[in-house]
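Here is a short briefing to read beside the model. Keep the sequence at hand and follow the residue names as they come up.

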Amino acid sequence: MEQRRSERRRARGYLVGCVVAVLLWSGASAQSRYSISEEVNEGTVVGNIAKDLGLDKSTLRDRKYRIVSSNADHLFHVNQNDGVLYVSRKIDREEVCAQSSTCLINLKTVLENPLEVHYVDVEVLDINDHSPSFPEKVTTLEIFESVLPGARIPLQHARDPDGGIFSVQQYKLSPNDHFRLEVKDKGEDGKIPFLIVQKSLDREIAERQSLMLTALDGGKPQKSGEMEIIVNILDINDNAPVFSKDVYSVMLDENAPTGTTVIEVNATDLDAGPNGEVVYSFSSIVNHRLLKLFDINPSTGEIIVKGLIDYEERDKYEIEIQASDTGFVPMATQKSVIIKIVDINDNAPVIEVTSFSNSIPEDSRPGTTVALISVNDLDSGLNGKVICSIGEDVPFALSPSLRDKMYSLVTKSPLDRETKSQYDVTIIAKDAGQPSLSSEKTISVVVSDVNDNSPEFSLSPYTFYVTEANEPGASVFSVKAFDRDETENALISYHILRDGSKDNRVTSFLNIHTENGDILALKSFDFESLKTFQFQVVASDSGTPSLSSNVTVNVFILDQNDNAPVILYPVSSNGSAEGVEEVPRNVNAGHLVTKVRAYDADIGYNGWLLFSLQEVTDQSLFGLDRYTGQIRTLRSFTETDEAQHKLVILVKDNGNVSLSATATVMVKVVEPKEAFAAADVKSATKDEEDNNVTFYLMITLGSVSTLFLISIIVLVAMQCSKSTDYTSKYIQEPNYDGTLCHSIQYRSGEKRYMLVGPRMSIGSTIVPGSHANTLMLPDRRTPGEVSPMYDFYN
């Protein structure tokens, strides 16, 4: 609309001031003619009619000068004052004159008094105020793609209300490769455009083309109108389906659930309708096994999982897919779909022992190969990367070999069968997947024995106590050794070490059982002649080379009550001991009559002597000290007492089977004078006898003391060499005053013992071994009391 107004303004400017009021006078017609452009503004002067017709301007109002034409009075009006003709409103030539080439408006004017008629013609001149226009803004054409070049398709022509040169003068077609434009002039019907096919059409290249047809008028500047021509190319089935990708490749996790979408292939057919409708299927060359694993949706091209996908069975599948159209004569295209299976860590490592020695010598050096182990994981990548380790702290290690996934099980430290003879080695194989899977395998490795241990005795040294008068040929004690090795290496034989030395002569009377270590004495031992001896036993194993060890055996002979008491006084003669003592009648009570002296070669209880009156004429007159053997008067003699008394004294030891001897003492009661005389005579004799007795007694005591002193020194030395755990404790009782004897108390287990024998020096030791010469005492300890005793078996 704005464009239109602008054009009108330009036309108005062009015509204003150029109005030609050409009065064509004709004496016969009295008619005036004017020209004016259309679209001039209201009030524009067309011409001065009064002046041109020669009318008196002063009479125009009085005579009522006016236009009386009914069809034009609304377009123009005349001023009654001056007779000038004005435009009443904008005039649209195309509205007033339609398609006429000349637009002439006839006006009829009149004057009254007298009536006078004048004709005025006003020609409305055309301006280019309209653009060409088509009946439709968009028109659609349908052309088969098989149409041949040169075909002509008529198009709707454009119309322009303007006339003459301002009407449609030419057509233009937008540039394109397939069509051109021809225009045919139909005279009154105007110029008709035709669309000419100049190149073969291909719907698959362009199934639709948009062309722009432009109609131009002859104005300056030109005005135009446009119409869009949409050309639809109609299809024929001349194209096969085409897949959207040259290569279809997809990754699929193994063990994907049934129904999982693998990939969706897409094929397009450039044809239309049934010719372009695509359906999908597997190619006929696809292996039937793949048909069990995969399926395809014929409409969407979606490939889905149908069966179990196992990477370890196959890591890639190539499937031929076919896309076909549904035309009358279908066309098909095939394409390969490559499905790469992604490994999932669904396989635990497998441990295989390829070479294995289930027994290895304990002296094997570190690094000795025990087994070869291979590890395999069916997965790939990190899922198949396996790391092996040993689960517990064992003297073995895994050594990787040059070959991948191979390991050697080797020793990493020295072995000792005696410490541990068998190892259960757990090998753990763990992959690097997420989550990780692992497996275990246990190998039992037996450590075989080598002869690396010497026999060991259960005690060192051994101390045995053998009762004298043992049975010759019987086993007296036994040694025992053990060997930490096994089989032949632990088979022990025993023998006594005989070096022929003077100190080792006693071994000639000993024999040992080579298999069990029992030691036999070939003769009886006599405590009184041999109290202790020492020898060595050798234990040898049966290994190669043989190993052996020695042990010292200390043997103490224990006394038996095999010696009867010997009466020293009175002196024995002819197998009996008899003596005569004279006592003055005037002695008081407590007078020492005499003292019976005796000794026993045994020791302990066996040598502890007790004295008792076996027979006495008057029990009220004499008394006997049971420990010292002293005979004393119990009262004074009276006149009525007999002059001679007989006392039979029984001397017995304290052995289990007590041995005894008797002595007879004849006591004569004499008057004091006789007693003194007799005393002088007897004094010399008695002194001599006493000296002899004292000499023998000193020899006996010296021998016994010397033997015991040696025994005690050996025993103390042996005990000092023992561990401090073996602590000796003594309880000493007061020694009895009388016959040479003493007592030692000791404890063994829950029993308490007392040994009594000849006096020994402080520190002497008697070790319990036999009850033959011991006296068992009741245990008077309070609960929790520890008795100070010497325990040799601690």
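**Aromatic residues**

Tyr462 is buried, at 4% relative accessibility. The ring of Tyr462 pairs edge-to-face with that of Phe457, in this predicted model. The structure holds 14 aromatic pairs. The points below start with those rings, then take in the cores, a sheet, selected loop residues and backbone exceptions.

*Pairs and cluster*

- Phe457 and Tyr462 have ring centres 6.1 Å apart, with 85° between the planes. That angle makes the pair edge-to-face because the cut-off for this class is over 60 degrees.
- Phe457 is buried too, with a relative accessible area of 11%.
- Tyr465 and Phe556 make a stacked pair: the centres are 5.5 Å apart and the planes meet at 20°. The pair counts as stacked because its angle is under 30 degrees.
- This second pair joins distant parts of the chain. Tyr465 sits in strand S34 (residues 462–467) and Phe556 in strand S41 (residues 548–558), 91 residues apart.
- Tyr465 and Phe556 are both buried.
- One aromatic cluster is formed by Phe457, Tyr462, Phe464, Phe477, Tyr494, Phe525, Phe533 and Phe535.

*Lysines over rings*

- Lys523 lies over the face of Phe509, 4.2 Å from the ring centre.
- Lys531 lies over the face of Phe527, 4.4 Å from the ring centre.

**Nonpolar cores**

- The largest nonpolar core has 28 residues. Leu252, Val262, Val265, Phe294, Ile303, Ile321 and Ile339 touch the most other members.
- Elements giving two or more residues to this core include strand S17 (248–253), strand S18 (261–264), helix H4 (288–293) and strand S24 (332–342).
- Strand S23 (316–325) is also among them. S23 gives the most to this core, with 4 residues.
- What does Ile339 touch, leaving aside neighbours within four places in sequence? Its contacts are Val250, Leu252, Val262, Phe294, Asp315, Lys316, Tyr317 and Ile319.
- A second, separate core has 27 residues. Tyr462, Phe464, Phe525 and Phe535 are among them. These four residues also belong to the aromatic cluster.

**A three-stranded sheet**

- An open sheet is built from 3 strands in the order S3-S6-S5, with antiparallel pairing.
- Strand S3 (45–48) and strand S5 (76–78) are the edge strands, and each pairs on one side only.
- From one strand to the next, the twist averages 20°.
- S5 and strand S6 (residues 84–87) pair antiparallel over 3 bridges. Phe76 has Val87 in S6 as its bridge partner.
- Strands of a sheet pair through backbone hydrogen bonds, in the parallel or antiparallel sense.

**Two loop residues**

- Asp160 lies in the loop between strand S10 (152–154) and strand S11 (168–173). Is Asp160 buried or exposed? Asp160 is buried, because its relative accessible area is 7% and the cut-off is under 20%.
- Asp160 and Ser224 are 64 residues apart in sequence. Their C-alpha atoms are 9.3 Å apart in space.
- Lys199 is in the loop between strand S13 (191–197) and strand S14 (208–217). Lys199 is partly exposed, at 43% relative accessibility.
- Lys199 and Val147 are 52 residues apart along the chain, with 9.3 Å between their C-alpha atoms.

**Backbone exceptions**

- Most residues other than glycine have a negative phi, and most peptide bonds are trans.
- The peptide bond from Thr544 to Pro545 is cis, with omega near 0°. Pro545 is in the loop between strand S40 (532–541) and S41.
- The peptide bond from Tyr569 to Pro570 is also cis, with omega near 0°. Pro570 is in the loop between strand S42 (566–569) and strand S43 (572–573).
- Lys64 has a positive phi, near 60°. Lys64 lies in the loop between helix H2 (49–53) and strand S4 (66–67). Lys64 is partly exposed, with a relative accessible area of 46%.
- Asn113 has a positive phi of about 55°. Asn113 lies in the loop between strand S7 (103–111) and strand S8 (116–125). Asn113 is exposed, with a relative accessible area of 63%.

Methods. Residues are numbered from 1 along each chain as its sequence is written. This is a predicted model: local features need pLDDT of at least 70, side-chain atom pairs count only at pLDDT 80 or more; totals for chains, interfaces and linings use all residues. Side-chain values use heavy atoms; hydrogens and water are left out. Rings of Phe, Tyr and Trp (its six-membered ring) pair if their centres lie within 6.5 Å; planes under 30 degrees apart count as stacked, over 60 as edge-to-face and the rest as tilted. Buried means under 20% relative accessible area, exposed over 50%, partly exposed in between (1.4 Å probe, protein chains only). A charge sits over a ring if NZ of Lys or CZ of Arg is within 6 Å of the ring centre and within 35 degrees of the ring normal. Two strands pair if DSSP finds at least two bridges between them. Axes are lines fitted to C-alpha atoms, for helices over the stretch in contact, and angles run from 0 to 180 degrees between N-to-C directions. A nonpolar core is a set of buried Ala, Val, Leu, Ile, Met, Phe, Trp, Tyr and Cys residues joined through side-chain atoms within 4.5 Å. Contact means heavy atoms within 4.5 Å.
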